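Good morning, colleagues. I would ask you to look at the model that I am about to show, and to follow how its two parts meet.

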Amino acid sequence: MIKLFVTSTYSKKEVFTSVDPDLVVYNCNELVTMNSKYGAPRLYGDMSKLAIINDGAVAIKDDRIIFIGTTDELISKFEFGKISIKIDATNKLVTPGFIDPHTHIIFDGTRENELSMKLEGKTYIDILKAGGGILKTVHKTRQAPLEKLVENGKKILDRMMLYGTTTVETKSGYGLTTESEIKQLRAIKILNKQHPLDIIPTFLGAHTIPPEYKDKSDDYVRLIISEMIPKIAKENLAEYCDVFCEEGIFTRKQTKKVLKTAIRYGLKPQIHIDEIVDTNGALLASEIKAIQTGHLLKSNDEGLKAMAETGVIATLLPGTPFCLMLDDYAPARKMIELGIPIALATDLNPNCWTESMQMIIALACYHMKLSPAEALTAATINSACAVQRQDEIGSLEIGKKADLIVFDVPNHQFLPYHFGVNLALKVIKNGKIVVDNDFST
Ligand code: NIG
Ligand code: FE
């Protein structure tokens, strides 16, 4: 038995514990710790600093990391023979679990038919105006019982976990009535209790104008403000509030109204901005001090500079322009140069359906010109910051949650290089092996 002083560099929480680990991962060819100072997102050149330990080792007790170092140090610190679970990561890459900070997993019905419409040249807004897109999913989701939404969500979470995601933010937004928005948020709450993944709930009642409020969008905003937000806050069903601010959807003024009310009720603000048209969303995001913003394909320089100054996180969603077959991707390189914190997410929804953060890392490299190291930073510590969980997750440090991935590749450059397949061999969530794709043992 060895006495260890376990501290988290983030929370400054100091816990005295005397423990033997119950699980170790050792001989890691590359152990990407992402060791992150001061709990802030990594900016500029720091996005490339992965704090790699070669021949690295991690020791875990219960759900926490109690040791990080080299394999030699591990062996000299603990009685190796006594440790019950030992994972030999020879020739393997080990990283923090992915955090997917922007998704829409609670829905019913699928939209595979829309691909042929896109191939015919129909835009996202054309499809929505024709009653497809979000509105089609709203129609199906309203009819679905709560149990069906839970069942659908579970399938998605299972697959996310298989691909290495250990924490996920997800939104309502396919109900658009008080009752069915609450139904979606309840499904998230149930899944958070039942599923190994940690889920952060966001209220997105302002996702689109429901058919009953066609041409009466201000009335719908009033419903969100006067009924939905108070009820959702009272039942403690959401941590964040999001709005789809876009030409023909919610205006800047409406977005402000919704988010200001949300803030008064204790919800934290997020915005979908500048996806199709530049509505000056980036400036709005910095005025409202959004924690994170999604899309930003069309954001102007003034808005981006304001985001850099206020530290609003740009959560980039390259799966969406990929599925919409757009030429433009968010200007990630410019954002890094300006000092904007960048995170990556799948944006999983019926228009853009991938559970794989590995795929998103590949798209970020090939289409937005992030380096593999920058993309991995954006998918771990920076996405932890996007959901304000950087004290607990996003890097492998003593005292933090033991959420990590063992990849069947020798180094992090392989993640985008060998693309379109699942490279995760084992996934550890809260100190437990939740995925084992290793059929060799
Ligand atoms: O972030 N753009 C708005 N909302 C989602 C898409 C939702 C849908 O098409 O069902 C997004 O891409
Ligand atoms: Fe989205």
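Between the two domains, 37 residues of domain 1 are in contact with 32 residues of domain 2, contact meaning heavy atoms within 4.5 Å. This is a predicted model, in which local features need pLDDT of at least 70 and side-chain atom pairs count only at pLDDT 80 or more, while totals for chains, interfaces and linings use all residues. Residues are numbered from 1 along each chain as its sequence is written, chains are lettered from A and ligands numbered from 1 in the order in which they are written, and side-chain values use heavy atoms, with hydrogens and water left out.

Domain 1 comprises 3-96 + 395-436 and domain 2 comprises 99-386; these bounds come from an automatic or database domain assignment. Taken over C-alpha atoms, their centres are 30 Å apart.

How much area is buried between domain 1 and domain 2? The figure is about 2,700 Å², with 69% given by carbon and sulfur atoms. Buried area here is the accessible area (1.4 Å probe) that two parts lose on being put together, summed over both. Of the area that domain 1 buries against domain 2, Tyr 44, Met 47 and Pro 416 supply 24%, more than any other three residues.

I turn now to charged pairs. Two salt bridges are found across this interface, a salt bridge being a side-chain nitrogen of Lys or Arg within 4 Å of a carboxyl oxygen of Asp or Glu. In the model, the side chains of Asp 198 and Lys 401 form a salt bridge at 2.8 Å, N to O.
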